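Let us walk through this structure together, one region at a time. Have the model open beside you as you read.

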Number of protein chains: 2
Amino acid sequence: MMEYGQGTGEFENWIVSETAFSSGHLGKCEAIMSLGNGYMGMRSATEEPYIKEQRNWFVNGTFNKAQPNEVAELPNLADITQIGIHIDGERFSLEYGETENYVRQLNLKTAELSRSFDWISPRGKKIRFHFKRFVSLAERHLTAARVEIESLSHPVEISFSSGINAQMTNSGIQHFLEGERRVIDKKMIQLVQTTNESNVDVVINTTHNIKLNGEEPAADPEMDMARRKVWLSCEFTLQPSDRLEIEKITSVHTSRDLEAMEAEYDLQQLRESSLGDLKLHALHGYAPLFEAHRQAWKQKVWDACKLEIDSANAFDQLAVRFALYHLTVMAPVHDARMGIGAKGLSGEGYKGHSFWDTEVFILPFFIYSNPEAAKSLLVYRYLGLAGARAKAAANGYSGAMYPWEMAWPADGEVTPVWGDIDIVTGKQSRIWSGAIEQHISADIAFAVYQYHEVTKDQQFLDQYGYEIVFDTAVFWASRLEWNGKKGCYEITGVIGPDEYKEHVANNAFTNYMAYFNLKLAVRYCEKLMKENRELFEKLAGPLELAAAYPDWVEKAEKLFLPKPRNEDQVIPQDDTYLQLEEIDLAKYKNQGKVRTIYRDYNSEQINLFQVTKQADALILLYLLEQTFLHEDPRISTAVKRASFRYYEPKTLHDSSLSLVTHAILASDIGETDLAYSLFRKSAEIDLGPLMNTSDEGIHAASIGGIWKAAVFGFAGVRLIDGRLRIDPKLPKHWRSMAFTIQWQGQPVGITVTPTRLSVNLQSEEALEFETNNAVYECTGFIEVPLN
Amino acid sequence: MMEYGQGTGEFENWIVSETAFSSGHLGKCEAIMSLGNGYMGMRSATEEPYIKEQRNWFVNGTFNKAQPNEVAELPNLADITQIGIHIDGERFSLEYGETENYVRQLNLKTAELSRSFDWISPRGKKIRFHFKRFVSLAERHLTAARVEIESLSHPVEISFSSGINAQMTNSGIQHFLEGERRVIDKKMIQLVQTTNESNVDVVINTTHNIKLNGEEPAADPEMDMARRKVWLSCEFTLQPSDRLEIEKITSVHTSRDLEAMEAEYDLQQLRESSLGDLKLHALHGYAPLFEAHRQAWKQKVWDACKLEIDSANAFDQLAVRFALYHLTVMAPVHDARMGIGAKGLSGEGYKGHSFWDTEVFILPFFIYSNPEAAKSLLVYRYLGLAGARAKAAANGYSGAMYPWEMAWPADGEVTPVWGDIDIVTGKQSRIWSGAIEQHISADIAFAVYQYHEVTKDQQFLDQYGYEIVFDTAVFWASRLEWNGKKGCYEITGVIGPDEYKEHVANNAFTNYMAYFNLKLAVRYCEKLMKENRELFEKLAGPLELAAAYPDWVEKAEKLFLPKPRNEDQVIPQDDTYLQLEEIDLAKYKNQGKVRTIYRDYNSEQINLFQVTKQADALILLYLLEQTFLHEDPRISTAVKRASFRYYEPKTLHDSSLSLVTHAILASDIGETDLAYSLFRKSAEIDLGPLMNTSDEGIHAASIGGIWKAAVFGFAGVRLIDGRLRIDPKLPKHWRSMAFTIQWQGQPVGITVTPTRLSVNLQSEEALEFETNNAVYECTGFIEVPLN
């Protein structure tokens, strides 16, 4: 059972708590309390094992394709989190005996996981347990755990075993060769393994500090090995009030680490140096390592990108902190060769692959909060150009056709081909996204545009951005299909954001985004010719800009862009959607479970109904408003409202990406109560009380969306053709909202109350922004009264 | 907790029972109650899952080497045994609630596993469970399970899920490519997978018959897939006295099946035909399939090879039936391309590999009870000649040097190189057996000799046996080392049966067995020249017999054979053993755990002590007595007694192969009480009350040894230079012993009481045998009074 109000004092609205343990609902806290630092992510499985646990530990970027018919995925590392505890010879488990004062907490401020309880064994002995764990933000190769066990009532025999277990798999897939294991000084353990296809070496070192009442025990632990396992074990008799303390400090290094790229890589040397480093760290023990970690969170995260909400519902403040926590934990800001997985590093779901989720749902937070990190994520896409070009070529197109799912940049397209069961045929369903969900290329171009407009980072554009935008435009130009009868270009046979409609023609989102991509390339090309002739010449050759530029102009001009219907202002999602059969969706909508429609229909059948998985036309109305659509009077609030009212009832929100877009749109059309309710639902996808929503990992896009809904929705921050608009519409529960964004190189402090908007600039450079159709110029500090 | 006396009436001394369940001791019953038919073996894990379970299902011969640095092993198939049961939304487990009338039984007579109990859920609802399962001996591709659930007290919500789970690994090693899964008719499931290296296709079909109070439920089950999993699930409300019955009939076929060799193999056709076959079987349901299976056990096993013991300890009768049960279950008598693994098919231990265990400990039962099966096991070794020749060549020798561990015949040597932890270095220990435990080649030659002497199967000798014996002799001739100083041939740098002595010189067992092998080749060569010139000519060329024969004669003549010491008649185990330091072994001997000496010393240190893992010199004194040693007056009972008394106190019995040899030797030297006590200990290794001895699987050699200790030990049956000796020494607890052996083509019924030996021949051919130095000739029936 989840609780949200346990934090007090300096930790008020910083603590996520589980106050009752259920071995039937492990996935929830494993995922939402998962730890990480962008380099590694660790699911928060309990020390003692349970049947339904999912014990995951990933290092970002270590992708491996274990078998020829699989796709590359992040391999689940050997486990160091399980600690076997036996009490009086019986395996300790919260499934037996009685548990009192149970609480498991993730402290978002300190990024520490803790769990404590008193346990009365089946024999009636009372024992106090206290577990702590963190993944260091100060030293990215490091993680530490601490166990305290105290006998409260009787003498008890306690034995524990702890080591490294390399029998772990990704749901049955083994990524690692057996490797080598050894015990050093009867205390430290080293495991060296290599992935079987990508040849990534992984070196794990772990060490144990054991103290009984503050003293190191006299006897050495026993050492054991079994297949792919190595562990130490100890036995103690605890008298009442005796206290056993075990600290386990662990490091992981890989041959994919940035350090391995920078220095001459040598496995033997890495083995020795990593072991030496760990010995030093272990000298200090848990407490000082934790203190350095806590300081890093303060400086790098909480001081740098605060978002304070004073709400009648304290949950709202917790939710945005939860979002900032996970956005930090999931993002490999240290290494541009790595992206953000759809589940972050919190589970095996989606195999660590990056989707459009990054650019459309997660990147905005980094663009406005941590531009360096945003740049790193976009360089990741730049490094993916070779794979995108290969995909285009393989599909008979030119330019860069980005993978729907991307892993290691060189891997190219890694979308699996087979998915869940087809209810009709009894076979696995075909997943078409890798082949025909093509808007991703334009989404990435849009992200380049957005990053550049917000940061004015010309160097990025020169070095990476132009090439991405030009080559995706080349792709679209080759992709468009000429329809002689209609006298326009079309895009047929695609999937839009609504994946319940496969093989559709002229999906509005796809067509408009392709149009945007082409127009952006035209604009960038003209800019480049004007501003940097040298770079233009350099790019013009390989990208054949001389031929491409007029092609873009002509094709953008003649690309079919579906307009709102005259009768009701609804944007048609695609050529056929509005003519499809409508069915009663009550059985599938808002029932607490997603994708239940597949219990009754297969994809081919669902394709024939007016049923939508997630925001499709609606995301277009939000996303491109910031660029050109606001120029078109028909794309007005009326169009947004009409489309919202048409599509929302047909939308099952069967993707976690859906609610946040609806929340922003509801805010835009003035339905602030609805917007708030959608924001809450969106924030509750992972953090809320439902115990089965996060089993495969947190929903990274939805978590990015919490920040988006707050800042873009309620605070009304938008980028409109290079200008900043701040047009707040606070929900009635919110008394104030204060946050900082980075705008073109300077931090901008924004505070919103129901009646006032305050903008605070630290520098003296002027900032022009608009709200409620009035334009304000600000140097220093300005307050705007809101009506 | 194990019980042995629960069988009554026709099942008296046929039932092995567990009468209290402990989730901390699962391995015991999983292994000793494992099911099989030689084609497949299935560990008896419970339907509901537990943390420490080991869920294994193997098809013999499907060896695969999953990774380049591993050795080939039997892959653990996708699981069909787990059935998830939820009661009122909570996972059913015997770890919660209360359990009454619990009993799990293996009925040895019917080879059926059953488990029944009443379970009171944590909410106080009483539910009766009854599970049954068998692996068909009548139809080797088939296994069936049945679940009955009855609500006794309240209405309960029951849901169950059942399917095929291909996430299974061998302790983390995945052998199978993902393959294809599908559901047929919302009822049957088919999984097709292929091993990743050996390219063995495995087709598993399963089907569910579900009945509520005898009626098929109206609603279809739900179908689901996850990674490498596919399953059906159903929900029911059971009113008090409602009864839910689930039958799950499953088949497995592989491209390594004999049928696939005989017909043109086509995977698509196998998929269809196997599915069709299963549909037919499923029509009948559990009961008639079980009846056919029960009949097969009666006819093929219990009527064919009975061994009746009337003992004051009923356990003794149960133990020999347990042995006959497992000998049947483990032996792939249908296919000569397959051998018997050291753990049968009951666990991952030893990876399904065949050792000398087969020839020395298991084969004797088949030679005397089922010569066809014995022949199949020896043909397996014949098929291994290519691998044995390759091993000899790789080691710089000639002829056939058999693998210490053998898997698929063509695989050659598959002994792993690295084992348990080295207590001193903290690294994995080097396993030397694959390189230098060389007696296996002579053990196989001895088995050919024994088989031929007992069966007089000349065709076998012509087709397979001569070649094995000649080519192993060629190996030994190339292996012997000339010691100019001593003027003899030696064998240095080997491991004998006592694996606690590595790199020793002139291990008595190895030297004598090599000598036997050379002499047997000489004898067979002379026999062949005399009796079958044509075959001789055929073999002479490839095996270079013209040169080999005189070489064998000369080298056998000059091979150093360690003689008993003059002062005490003790056979030196090797050149140095008797001079090594003696240490106090009390801490390691008879403490209920094996290999504990490794807690204090590593192999190099143990090598320097007079400590023995298992019978070494003693097995020589028993094994070769039957051939030539009895001609040497020094190898007499006195030598046996002296060596027994010297070595036994230094022997830790850290291999399950040890006790049975000691039991036979104790019997030979007249210490019948000691012999009986050792027999009991040997029989208890798997069957006894200790709950942790069989975790990695049953001890196949020890189980073969139960039969050996009874027939060769207490009944005193021996093959002495082609003649049968029957010289019984019944333990005082035994009132009579009756069994049948096959002797040179005819069944011989033997009954022993403390005072009489009765021999009963069904044919009228004469049988000459000796007992207590008197020779008897028997046609029909004879009784001999014993002193």
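Strands here are DSSP runs of E with at least two residues, helices are runs of H or I with at least four residues, and both are numbered from the N terminus; two strands count as paired if DSSP finds at least two bridges between them. Six residues lie between the strands of this hairpin, and A:Gly426 takes a positive phi near 75° there.

Before going on, a word on what you are looking at. This is a predicted model, in which local features need pLDDT of at least 70 and side-chain atom pairs count only at pLDDT 80 or more, while totals for chains, interfaces and linings use all residues. Residues are numbered from 1 along each chain as its sequence is written, chains are lettered from A and ligands numbered from 1 in the order in which they are written, and side-chain values use heavy atoms, with hydrogens and water left out.

Now step back to the two chains. Chain A can be laid on chain B with an RMSD of 0.0 Å by a turn of 180° and a shift of 0.0 Å along the axis, with copies superposed by least squares on the C-alpha atoms of residues with pLDDT of at least 70 in both. That is the relation of a two-fold axis. Both copies use the same surface, as 98% of the contact residues of chain A recur in chain B.

How many residues of each chain are in contact? The answer is 45 residues of chain A and 44 residues of chain B, where contact means heavy atoms within 4.5 Å. Between them the chains bury about 4000 Å², with 46% of it on carbon and sulfur atoms; buried area is the accessible area (1.4 Å probe) that two parts lose on being put together, summed over both.

Twelve salt bridges are counted between chain A and chain B, each being a side-chain nitrogen of Lys or Arg within 4 Å of a carboxyl oxygen of Asp or Glu. In one of these, B:Arg599 meets A:Asp224, with the closest N and O atoms 2.7 Å apart. On the side of chain A that touches chain B, β13 (180-184), β16 (222-226) and β20 (418-421) of chain A each supply at least two residues. β16(A) gives the most, with four residues.

Salt bridges also matter to our tour elsewhere: the structure holds 115 of them over all chains. Within chain A, the side chains of A:Arg389 and A:Glu467 meet in one, at 3.1 Å from N to O. A:Arg389 lies in helix α8 (residues 385-394) of chain A and A:Glu467 in helix α11 (residues 458-479) of chain A, so the pair ties together parts that are 78 residues apart in sequence.

An open sheet of three strands has the order β3-β4-β5 with antiparallel pairing. β3 (35-36) and β5 (57-59) of chain A stand at the edges with a single partner strand each, so one side of each is left without a neighbour in the sheet. Further along, five bridges join the antiparallel strands β27 (residues 746-752) and β28 (residues 756-761) of chain A, and a hairpin of three residues connects β27(A) to β28(A). A:Val752 stands opposite A:Leu757 in β28(A). β28(A) also pairs with β31 (residues 781-785) of chain A, again antiparallel and over five bridges, and there A:Asn760 stands opposite A:Phe781.
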